[in-house]
Amino acid sequence: MESERGKLLPFYLVVDVSYSMQGKKLDAVGRIIPTIVDALAKAPILSDKVRFAMIDFADDAQVRLPLCDLLDEHIVLPSLATRGGTAFGAPLRLLRTEIESNIKQLKADGFAVHRPAVFFLSDGEPTDPGAWESAFTDLTYYDKEKRQGFPMYPNVIPFGVEGAVPTTLQRMIHPATGSKPMRMYLADHNQDPAAAITTMAEILISSILKSGQSMAMGNSGILLPPDEDLPGGVKSFGADDDFV
Amino acid sequence: MSTTVSPSSLGRLGPMIGKGGQAQVYLAPAVGFPDVPSVVYKKYRPGHSPPGGLDQLVARRLRLDPATRARLDSLTAWPLRVVADDAGVHGVLVRLIPDSFFQDRVLPGGDAVRSLRELQFLLIDPARASRLGMPAPTTAQRALVCRDFAAAVHLLHKLDIVIGDINPTNAVFRLDQRPTAMLVDCDAVRVRGSAAVVAQLDMPDWEAPERLPSQATDLYKLGLVVLRCLAPGAGGSVSRDLSRAADVLDREGRGLLAAALGRDAAARPSAQTWGRYFDRVLAGVSAPVPGSTTSAWRRGPGGTWIEVAR
Ligand SMILES: Nc1ncnc2c1ncn2[C@@H]1O[C@H](COP(=O)(O)OP(=O)(O)O)[C@@H](O)[C@H]1O
């Protein structure tokens, strides 16, 4: 066993709080973490396996819940408010520094760490075209042979509701190819966006449970639920899928 | 006696009372057996019905003498009948897990729920367990649960069964009446010498050093159950560090645990050895029960628990 304290999988939930999220959508986003807490309360040994953080973004990005064990007694769950545009670059840059320092800390505390997973939820088109792409590359590019880029790059799973542009979010699936490609989740067109966000929370939880129950020492990491288990109202897409 | 019943013979099903990755569980109020009056129908999800071999588990139970069968039924939720028709296996009938293994509690988000008291709640920090609305048992109560868990393993091993997937969601415990444990997910077990009924997907933190499931790997995992139940806390569900239990086990217990978690499969203590060990320890230890801090428990000659005034 690599570490007597075990191997943790950090989840980062990144949520759009631009003005278009105002209302029922934001309420649904606010319920995501409490729902995850209840899921963990039913499977509390997962706290030996997973950690959570939440970042919100509009024109800027803020860590609203630093990486933590959600069952810890002293956690204060954040309250959310909308504030501005949809600059994708801001949370992507913040993720890179957070991930780097969080992983260092976990290792210093004696844990081994799986590759982090980022769930990125948005309802809009980025307001910083041309800028977010380079932030995304800085976060996800890594050349193992040349040792260039960010070795702790996360798996990225975009979630799109109402107004999100599928072809943009699709570019954020990471890795897009290879032996364990990630996927993106999109709400159906006719789906109530608040309900879609709740559904996406279910997908996130099912990924947490699946990953936590099967994380082998050394390999594996995040698992997404199989498509046949997806709740209604949301579909999953790979990096090469077309949209009809 | 037939091991199989048809889906149509189940009559009207009651409400769905649970669902897992593999099955949905319904009350089956129209079904009942003289020795097991309350029964649930565990209906496999499409594509999740086991490849075969459930019949053998059912037959094994039906052949037992009544006393052994009653004991099997008290320590496990053993498959009572296979539910199948020409189209194949649809599910199994198992006994309804008694109320005493469920806990009414309120989740952090405020919802009131009724939860199975899975062994996993014994592995976490007791203060956290209380915060989550679950009991935080004393060491003696934990030892009682381990004792009966060992008894269940011993019975199954005597019946030539390999349990295979021992993990903290497959067993439940109670602390009132008499503290005990019950193995609830038995359709993954197999009769020694035959293939597993349900493909076994071990939880990685519960893997034994040898890959192939056997009674010896069961005994390794029993050792993990003992270690992790007796030394709860952060990291408790993944740790294999014997020193965590150093404070709560005596010299003999520490020796048994070291052998149980060793690579030498033949040297692992049998479930019976563990059971006898806990009997001896518990005879001398006070096990506070609700409303009492002055009683201890020990096994009487017939296997019953006797409360010992101290
Ligand atoms: N014999 C039973 N009596 C009462 N409830 C049960 C019984 N078996 C299962 N359940 C309920 O159904 C849920 C799912 O059952 P489980 O055996 O875990 O399914 P799976 O094998 O698909 O994981 C359990 O969490 C429990 O709440």
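The legends below describe close-up views of a predicted model.

Residues are numbered from 1 along each chain as its sequence is written, and chains are lettered from A and ligands numbered from 1 in the order in which they are written. In this predicted model, local features need pLDDT of at least 70, side-chain atom pairs count only at pLDDT 80 or more, and totals for chains, interfaces and linings use all residues, while side-chain values use heavy atoms, leaving out hydrogens and water.

**View 1. Chain B as a whole.** Chain B holds eight helices and 14 strands. Both are DSSP runs numbered from the N terminus (helices: H or I, at least four residues; strands: E, at least two). Of its 310 residues, 54% are buried. Buried means under 20% relative accessible area (1.4 Å probe, protein chains only). Chain B exposes about 13200 Å², and carbon and sulfur atoms supply 53% of that area. Accessible areas come from the Shrake-Rupley method with a 1.4 Å probe. Among contacts in chain B with a separation of 6 or more, 57% join residues 24 or more positions apart. A contact means heavy atoms within 4.5 Å.

**View 2. B:Gln215 in helix α6 of chain B.** This helix covers residues 215–230, and B:Gln215 lies in it. The residue is buried, with a relative accessible area of 14%. Its side chain reaches the backbone oxygen of B:Ile161 at 2.9 Å. Leaving aside neighbours within four places in sequence, B:Gln215 touches B:Leu156, B:His157, B:Asp160, B:Ile161, B:Val162 and B:Arg192.

**View 3. Where chain A meets chain B.** The contact takes 24 residues from chain A and 24 residues from chain B. The size of an interface is often given as the accessible area lost when the parts come together. Here the two chains bury about 2000 Å² between them, 56% of it on carbon and sulfur atoms. That buried area is summed over both parts (1.4 Å probe).

**View 4. The salt bridge of B:Asp205 and A:Lys49.** Four salt bridges are counted between chain A and chain B. Each is a side-chain nitrogen of Lys or Arg within 4 Å of a carboxyl oxygen of Asp or Glu. The side chains of B:Asp205 and A:Lys49 meet in a salt bridge at 2.7 Å, N to O.

**View 5. The side of chain A that touches chain B.** Elements giving two or more residues to this side are α2 (32–42) and α6 (193–214) of chain A. The largest share, four residues, comes from α2(A). The residues on this side divide into 10 nonpolar, four polar and 10 charged. Ala, Val, Leu, Ile, Met, Phe, Trp, Tyr, Cys and Pro count as nonpolar, Asp, Glu, Lys and Arg as charged, and the others, Gly among them, as polar.

Conventions: Buried means under 20% relative accessible area, exposed over 50%, partly exposed in between (1.4 Å probe, protein chains only). A polar contact is a pair of N or O atoms within 3.5 Å; within protein, one must be able to donate a hydrogen and the other to accept it, and residues adjacent in sequence count only if both atoms are side-chain atoms.
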